[in-house]
Amino acid sequence: MYYKIPKSFFEQPQYSTLSPKAMVLYAMLLSKSELSIKNGWVDEKNKPYIYCTREQMARAMSVSERTAKRIFSELVKIGLVRVEKVYSDTSKRIYVENVLSRNYQHNPKETNSSLPPDDELRRILVEQFIQE
């Protein structure tokens, strides 16, 4: 088993501030998010989410919880993950943004766009993941 680190992290200037550990944590969280998709863990807007504590992140990366928090904050700051409190629970949902869909800026007025809108792109990515 391996984690996929998006090539965009090395090619797109908006990711130039990410530390290597933040890239690895993103890959780990994205992997968990892909598993959520496979298991149908989606919210009312059909967006996949994960639960992952700071302790779990720290253990997975062999770092302290304080370091895990700092690394996770890098991802939040740049918009690669967002956290939402669940009102019926004390847990917080983590939404992992897909780098591919973040790099794609859809303009509905463009008719010659070679890429689909975000919802269609998400559907395609889910299908590809399930086929792997």
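Me: Which residue has the backbone oxygen that the side chain of Ser36 reaches?
Reply: A quick note on the model: it is predicted, local features need pLDDT of at least 70, side-chain atom pairs count only at pLDDT 80 or more, and totals for chains, interfaces and linings use all residues. Residues are numbered from 1 along each chain as its sequence is written, and side-chain values use heavy atoms, with hydrogens and water left out. A polar contact is a pair of N or O atoms within 3.5 Å (within protein, one must be able to donate a hydrogen and the other to accept it, and residues adjacent in sequence count only if both atoms are side-chain atoms). At 2.8 Å, the backbone oxygen reached from Ser36 belongs to Tyr49.

Me: Is Ser36 buried or exposed?
Reply: Ser36 sits in helix 2, residues 20–39; helices (H or I, at least four residues) and strands (E, at least two) are DSSP runs, numbered from the N terminus. Buried means under 20% relative accessible area, exposed over 50%, and partly exposed in between (1.4 Å probe, protein chains only). Ser36 has 2% relative accessibility, so it counts as buried.

Me: Leaving aside neighbours within four places in sequence, which residues is Ser36 in contact with?
Reply: Contact here means heavy atoms within 4.5 Å. With those neighbours set aside, the list for Ser36 is Trp41, Pro48, Tyr49 and Ile50.

Me: How do helix 2 and helix 4 lie relative to each other, roughly parallel or perpendicular?
Reply: Axes are lines fitted to C-alpha atoms, for helices over the stretch in contact, and angles run from 0 to 180 degrees between N-to-C directions. Helix 4 covers residues 65–78, and the pair packs at about 80° with axes 9 Å apart. Under 35 degrees counts as roughly parallel, over 145 as roughly antiparallel, 65 to 115 as roughly perpendicular and the rest as oblique. Helix 2 and helix 4 are therefore roughly perpendicular.

Me: How many nonpolar residues are in the contact of helix 2 with helix 4?
Reply: From helix 2, Lys21, Ala22, Leu25, Tyr26 and Leu29 meet Ile71, Phe72, Glu74 and Leu75 of helix 4. Ala, Val, Leu, Ile, Met, Phe, Trp, Tyr, Cys and Pro count as nonpolar, Asp, Glu, Lys and Arg as charged, and the others, Gly among them, as polar. The contact has two charged residues and no polar ones, and its nonpolar count is seven.

Me: Which residues touch the most other members of the largest nonpolar core?
Reply: A nonpolar core is a set of buried Ala, Val, Leu, Ile, Met, Phe, Trp, Tyr and Cys residues joined through side-chain atoms within 4.5 Å. The largest one has 26 residues, and those touching the most other members are Leu18, Leu29, Leu75 and Leu80.

Me: Which element gives the largest share of this core?
Reply: Two or more residues each come from helix 2, helix 3 (54–61), helix 4 and strand 2 (92–96). The largest share, seven residues, is from helix 2.

Me: How far apart in space are Pro6 and Asn98, C-alpha to C-alpha?
Reply: Pro6 is in the segment before helix 1 (8–11) and is buried, with a relative accessible area of 16%. In sequence Pro6 and Asn98 are 92 residues apart, but in space the C-alpha to C-alpha distance is 9.4 Å.

Me: What is the phi of Asn46 near?
Reply: Asn46 lies in the loop between helix 2 and helix 3, and counts as exposed at 54% relative accessibility. Its phi is positive in a residue other than glycine, near 65°.
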